[in-house]
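Q: Hey, I've got this structure open and I'm a bit lost. Can you walk me through it?

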Amino acid sequence: MSDDDAVDVEVESPDDAARTNGTADATAEGTSGESADANGGARDEALAAAVAEHDEALAREVAALEADLDETRADLLEAEEEVEELTSKLARVKADFSNYKQRAKRKQDEIRERASEALVERITPVRNDLLRALDQEEGSDLRPGVESTLEKFDEVLADEGVDPIDPDPGEAVDPARHQVMLRVESDQPEGTVHEVYEPGYEMGDRVVSEAKVTVSADEE
């Protein structure tokens, strides 16, 4: 081979090789760094988007729960008002029923009392007739039977709570219990009972019939 045909070959020195490798490494590292930064940014954006979506879902859930809570509170308030109204109505019904029971009891007592009064009004004239019969038949054989009948009548009256109004001579006249039939001359004090013409009857505080009496007057 001639010198003209010889090929020039450049031989790198160790320093040049090192510089070349360093540049290549730096280029590779730069490329890797940029790739890592790009991947990291994508992950951050994806994470931020996921967090935002999660927060939005939580916000919607919280809003729904708050709405449910408000509705529950409104229902509870309405229920409390209804309970209060029903309680008030129940109290009024109880009061009305109690008043009704009291009125019914008073009415029953009144009916019972008036029924007893009606009985007394029917039988007291019979007793008075018996008393008069005793006066007229003092020496006859009828007297024991009449006396027995009179005792039975008195027992019936006592069972019904009836007491005779039969004032003694000289007793003060009670206008509420005594009916003055006549004023007569008497040795009794003036204005007092002289004689009982017909006994009266009373039940408790109620006068069924007044005793008919004569009253003493001044002796002239």
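This is a predicted model: local features need pLDDT of at least 70, side-chain atom pairs count only at pLDDT 80 or more; totals for chains, interfaces and linings use all residues.

Q: Okay, back to β5. Which residue stands opposite Arg206 in β5?
A: That's Met203.

Q: Which sheet do those strands belong to?
A: An open sheet of three strands, in the order β1-β4-β5, with antiparallel pairing.

Q: Why is one side of β1 and of β5 left without a neighbour?
A: β1 (162-165) and β5 (206-209) stand at the edges of the sheet and each has a single partner strand, so one side of each has no neighbour there.

Q: And what does the twist average from one strand to the next?
A: The twist averages 35°. Axes here are lines fitted to C-alpha atoms (for helices, over the stretch in contact), and angles run from 0 to 180 degrees between N-to-C directions.

Q: Let me zoom out. How many helices and strands are in the chain?
A: Two helices and six strands. Along the sequence the pattern reads α-α-β-β-β-β-β-β.

Q: How much of the chain is buried?
A: Buried residues make up 15% of the 220 residues.

Q: What about the sheet with β6?
A: β2, β6 and β3 form an open sheet in the order β2-β6-β3, and the pairing is mixed. β2 (178-185) and β3 (193-198) are at the edges with a single partner strand each, so one side of each is left without a neighbour in the sheet. Neighbouring strands of this sheet are turned by 30° against each other on average, direction ignored.

Q: Mixed how?
A: β2 and β6 (residues 211-217) run parallel, joined by seven bridges. β3 and β6 pair in the antiparallel sense, over four bridges.

Q: What holds paired strands together in general?
A: Strands of a sheet pair through backbone hydrogen bonds, either parallel or antiparallel.

Q: Which residues face each other across those pairs?
A: Val180 stands opposite Val213 in β6, and Val196 stands opposite Val213 too. The bridge partner of Leu182 in β6 is Thr214.

Q: Is β6 mostly covered or open?
A: Mostly covered: five of the seven residues of β6 are buried.

Q: And Val196, where does that one sit?
A: Val196 is in strand β3, and Val196 is partly exposed, with a relative accessible area of 22%. Val196 and Pro167 are 29 residues apart in sequence, yet 7.0 Å apart in space from C-alpha to C-alpha.

Q: New topic: which residues line the largest pocket?
A: Val196 is one of them, and the lining also includes Arg127, Asp135, Tyr197 and Pro199. A pocket is an open set of points on a 1 Å grid over the protein atoms alone, where a 1.4 Å probe fits, with protein on both sides within 12 Å along at least five of seven lines; lining residues have an atom within 4 Å of a point.

Q: Which element gives the most to that lining?
A: α1, with five residues. Both α1 (14-136) and β3 supply at least two.

Q: One last stop: is Thr124 buried or exposed?
A: Buried, with a relative accessible area of 6%. Thr124 lies in helix α1, and a polar atom of the Thr124 side chain is 2.8 Å from the backbone oxygen of Val120.

Methods. Residues are numbered from 1 along each chain as its sequence is written. Side-chain values use heavy atoms; hydrogens and water are left out. Two strands pair if DSSP finds at least two bridges between them. Buried means under 20% relative accessible area, exposed over 50%, partly exposed in between (1.4 Å probe, protein chains only). A polar contact is a pair of N or O atoms within 3.5 Å; within protein, one must be able to donate a hydrogen and the other to accept it, and residues adjacent in sequence count only if both atoms are side-chain atoms.
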